[in-house]
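Subject: Structure handover

Hello,

Here is the structure for you to look through. My notes on it follow below.

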Amino acid sequence: MSSLIIGIAGGTASGKTTLTEILKNSFKDKVTVLRHDYYYYDKSYFNVPEGQINFDHPESFETGLLIEHLNKLKNGEVIYRPVYSYKTNERLEEKKPVKPSPIIIVEGILIFHYQELRELFDLKIFVDTDADIRLIRRIDRDIKERGRSFDSIKNQYLNTVKPMHQKYVEPTRYLADIIIPHGGMNEIANDLIIRKIKTHLYPD
Ligand code: ADP
Ligand code: C5P
């Protein structure tokens with residue numbers, strides 16, 4: 001059986017990880033997850049002070065390596081993915097093995113931006129959540145989980161996150177097969193996706 005490759009995009013804190021976790025919990029080891037964020041370049045790659053790095057630009061990720069890894073998983077090979085820290089903005093020394101499986105989910109704000117990556121997806125989902133809700137969730141999450149201060153979140157949001165969202169993320173909404181409103185816990189949408197995955201896993 002060939003793998004079903006699902007791309008889950010959407011703005012920051014829209015609910016991509018929440019949806020991915022729901023699908024992972026529904027199908028356990030039949031699902032492999034790759035996050036575009038694993039492929040962020042190390043902070044040393046950027047020629048600007050750390051506080052000014054634009055993490056929302058398409059060229060801030062090593063997307064070629066993600067494409068290579070995705071193709072290997074598709075061919076049934078194990079890959080060793082990078083490990084990234086949001087706390088230190090570094091790519092760590094360690095690598096983690098990722099096994100192929102019948103369902104491969106790729107998640108990230110910009111994954112539909114790159115044509116070569118986009119063409120690998122059998123199903124493209126865009127999680128759509130209002131910007132104000134996303135900002136509130138992001139402030140909460142970045143303080144609790146990513147070791148950020150309110151001031152740094154505010155500056156980053158206004159200087160890079162918001163303009164990059166409008167320039168690069170928002171236009172990819174129209175490249176998706178499915179747009180999920182109220183992302184994260186939209187049960188009807190989640191059930192439809194689960195049904196699509198079941199059809200792939202159990203065709204009869
Ligand atoms: P993304 O992966 O798109 O950045 P997450 O799924 O990590 O977004 O969600 C961002 C934050 O918002 C998390 O703290 C998550 O628990 C919370 N969240 C996600 N969906 C909902 C929802 N429907 N209602 C309330 N909080 C949510
Ligand atoms: O989980 P989410 O989709 O929100 O992750 C993407 C976001 O992570 C981007 O909007 C980017 O600004 C942020 N990011 C960050 N610091 C890093 C790497 C990414 O704030 N070191």
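What volume does the second largest pocket have? The second largest pocket has a volume of about 270 Å³. A pocket, on a 1 Å grid over the protein atoms alone, is an open set of points where a 1.4 Å probe fits, with protein on both sides within 12 Å along at least five of seven lines. A volume is the space filled by probe spheres set on the points, which are joined across faces, edges and corners.

This is a predicted model: local features need pLDDT of at least 70, side-chain atom pairs count only at pLDDT 80 or more, and totals for chains, interfaces and linings use all residues. Residues are numbered from 1 along each chain as its sequence is written, chains are lettered from A and ligands numbered from 1 in the order in which they are written, and side-chain values use heavy atoms, without hydrogens and water.

**Pockets**

The lining of the second largest pocket includes Glu 50, Phe 55, Arg 148 and Thr 160. Lining residues have an atom within 4 Å of a point. By class, this lining has two nonpolar, eight polar and two charged residues. Ala, Val, Leu, Ile, Met, Phe, Trp, Tyr, Cys and Pro count as nonpolar, Asp, Glu, Lys and Arg as charged, and the others, Gly among them, as polar.

The largest pocket has a volume of about 680 Å³. It is lined by 29 residues, and Thr 12, Ala 13, Thr 17, Arg 141 and Arg 146 are the closest to its centre. Helices H1 (16-27) and H4 each give two or more residues to the lining. H4 gives the most, with five. Helices are DSSP runs (H or I, at least four residues), numbered from the N terminus.

**Helix packing**

H4 (residues 131-145) and H5 (residues 150-169) pack at about 140°, with axes 11 Å apart. Axes are lines fitted to C-alpha atoms over the stretch in contact, and angles run from 0 to 180 degrees between N-to-C directions. H4 and H5 are therefore oblique to each other. The contact (heavy atoms within 4.5 Å) includes Leu 135 and Ile 139 of H4 and Ile 153 and Val 161 of H5.

H1 and H6 (residues 187-201) pack at about 40°, also with axes 11 Å apart. That makes H1 oblique to H6. Among the residues that meet are Leu 19 and Phe 27 in H1, and Ile 193 and Leu 201 in H6. This contact has eight nonpolar, two polar and one charged residues.

Best wishes

Definitions and conventions. Angles under 35 degrees count as roughly parallel, over 145 as roughly antiparallel, 65 to 115 as roughly perpendicular and the rest as oblique.
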